[in-house]
Amino acid sequence: MEPEEARRLVECCLPHLPRAGLRQLTGVSDVHVQRIATLWAGMGSVYKLTLVNREAPVSLIVKQVDLTGVSDSIGDQRKKRSYDVEAAFYSRGHAERLIAFGARVPFPLHIESVRDKSITICMTHLDGKSSHRGATEAFVGWLARLHAAYWGPRADEACGASRGGLQEQGCYWHLDTRPEEHARLGASGWMGRLKLAARAIDLRLKADKMQSVCHGDAKGANILYATGEGGVAVPLVYDFQYCGKAAVAKDLAYFFNVEGSPSEEARLLQSYHAELSNLLVKQGDDPPSLDYLRSSLEIALCDWRRFSEIGLGGYGDSTANRRVQKLLDKLDNGKALASEQAYIDAMQREFPA
């Protein structure tokens with residue numbers, strides 16, 4: 001980023017600092033620019049801008065996306081849509097909504113978008129560490145707050161370009177956006193059975209009664225932790241490119257599989273359920289049962305491992321594949337059924353939504 005561009009963006013951000021809880025700056029003597037990350041497929045960079053002034057320095061984050069090289073491929077179009085979604089997350093009030101609900105995210109300061117050319121998102125800098133005592137339990141509490149904030153019909157209002165701008169289908173691995181990886185699943189063994197069952201799993205999750213807005217990429221690389229009152233971990237979460245409507249168990253299955261320990265999962269699931277139920281009751285919604293949540297989690301885990309095995313080389317805890325096979329056994333008794341429709345029928349029988 002050129003110095004002139006950095007200073008221009010800073011000047012756009014300055015009037016909004018007090019709304020973000022930062023002090024109003026009367027002047028900036030210098031702006032230090034540091035590139036801290038590059039985006040997937042070379043589609044831009046993330047910068048940290050340090051504003052030097054008479055008082056203590058203030059840091060901002062700028063995400064600049066270059067869309068000029070986007071092709072018509074499924075992957076490129078998926079990425080382009082994801083950056084449009086992240087711009088909507090910050091420009092249409094979702095960040096402020098979550099902050100008010102007690103789920104910490106960056107506060108938006110300035111957003112620019114030039115159709116099919118570029119997106120620039122300026123936001124507050126999250127100051128935290130990558131680890132903290134009690135981090136995993138704190139983060140499932142953060143997920144409960146996100147999911148409660150958009151529970152049920154609130155998710156429909158938040159998603160879609162003509163409404164709240166978030167993904168109409170949240171999470172980056174859903175079946176409709178990953179046909180290439182699905183086609184590459186083996187035709188035999190348990191993967192062949194999972195390939196046939198994938199549509200049934202996808203339809204069941206779309207029909208799940210626990211619909212909300214999911215983060216869509218809830219992994220450690222997108223979470224920092226601050227220390228709150230009493231020394232508790234406070235999650236600071238970013239990267240909302242794949243934020244959109246989905247069964248809440250998809251966020252849980254992903255986070256547990258790529259960040260959690262199998263020995264912790266039952267405790268964390270109970271913690272999430274207790275926090276979610278408390279929040280839902282307070283806002284007049286009916287909480288789901290823990291048993292229903294457990295069943296949905298197993299189905300969502302199958303959905304995630306369907307993509308992970310091929311699309312990411314098995315990323316996550318591969319021992320979970322035994323749970324995938326156990327669920328498939330409930331559908332087909334250990335032998336592949338004749339068709340996708342047969343799995344859809346079996347899913348409706350064994351796991352009615």
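This briefing walks through the cores, some helices, the aromatic pairs and the cysteines of one structure. Keep in mind that the model is predicted. Its largest nonpolar core takes in 90 residues, and a search of the whole structure turns up 17 aromatic pairs but zero disulfides. W142 is a handy place to start, as it is among the residues with the most contacts inside that core.

**The cores**

- Along with W142, the residues with the most contacts inside the largest nonpolar core are F89, F139, V213 and Y272.
- Apart from that core lies another, of 18 residues, and V10, V31, L51 and L109 are among them.
- Which residues does W142 meet, once its neighbours within four places in sequence are left aside? They are A103, R104, V105, H215, P235, V237 and F240.

- You'll find A103 in the loop between α3 (94–100) and β4 (108–114).
- A103 has 0% relative accessibility, so it counts as buried.
- Besides W142, A103 touches L98 and R145, not counting residues up to four places away in sequence.
- For a sense of scale, A103 and R163 sit 60 residues apart along the chain, and their C-alpha atoms are separated by 22 Å.

**Aromatic pairs and a cluster**

- F139 and W142 make a stacked pair, with 5.7 Å from centre to centre and 10 degrees between the planes.
- Both of those residues belong to helix α4 (residues 135–149), where they are three residues apart, about one turn of the helix.
- An α-helix has 3.6 residues a turn, so residues three or four places apart point the same way.
- F139 and W142 are both buried.
- W173 and W304 pair up too, this time edge-to-face: 5.2 Å centre to centre, with 70 degrees between the planes.
- W173 is in the loop between α5 (153–158) and α6 (179–183) while W304 is in helix α10, so their pair ties together parts that are 131 residues apart in sequence.
- W173 is buried, with a relative accessible area of 0%, and W304 counts as buried at 0% relative accessibility.
- One aromatic cluster is made of F89, Y90, F139, W142, F240, F255 and F256.

- F255 sits in helix α8 (residues 249–258).
- Is F255 buried or exposed? At 2% relative accessibility, F255 counts as buried.
- Leaving out residues up to four places away in sequence, F255 touches T136, F139, V140, A218, I223 and G260.
- F255 and G220 are 35 residues apart in sequence, and in space their C-alpha atoms are 8.3 Å apart.

**Helix α2**

- Helix α2 runs over residues 74–91, which makes 18 residues.
- From its first C-alpha to its last, α2 reaches 26 Å, close to the 26 Å expected at 1.5 Å a residue.
- Of the 18 residues of α2, 13 are buried, so the helix is largely enclosed by the rest of the structure.
- α2 is followed by G93, which has a positive phi, near 90 degrees.

**Helix α11**

- α11 has twelve residues (321–332) and reaches 16 Å from its first C-alpha to its last, close to the 16 Å expected at 1.5 Å a residue.
- Its buried residues are N321, V324, L327, L328, L331 and D332.
- Why do they end up on the same side of α11? They cover an arc of only 120 degrees around the axis, and that puts them on the same side.
- R322 and K326 are exposed, on the other side of α11.
- What covers the buried residues of α11 includes α7 (189–207), α10 (290–311) and α12 (340–350).
- Just after α11 comes N333, with a positive phi of about 55 degrees.

- C171 is in no disulfide, and the nearest cysteine sulfur, in C214, is 4.6 Å away.
- C171 counts as buried, at 1% relative accessibility.
- For C243, the closest cysteine sulfur is that of C159, at 7.2 Å, which is too far for a bond.
- C243 also counts as buried, with 1% relative accessibility.

Conventions: Residues numbered from 1 in each chain as written. Predicted model: local features only at pLDDT ≥ 70, side-chain atom pairs only at ≥ 80, totals over all residues. Heavy atoms only, no water. Core = buried A, V, L, I, M, F, W, Y, C linked by side-chain atoms within 4.5 Å. Buried < 20%, exposed > 50% of the residue type's maximum accessible area, 1.4 Å probe, protein only. Contact = heavy atoms within 4.5 Å. Helix = DSSP H or I, 4+ residues; strand = E, 2+ residues; numbered from the N terminus. Expected span 1.5 Å × (residues − 1). Arc of directions from axis to C-beta. Disulfide = S-S within 2.5 Å. Phe/Tyr/Trp six-rings, centres within 6.5 Å; stacked < 30°, edge-to-face > 60°.
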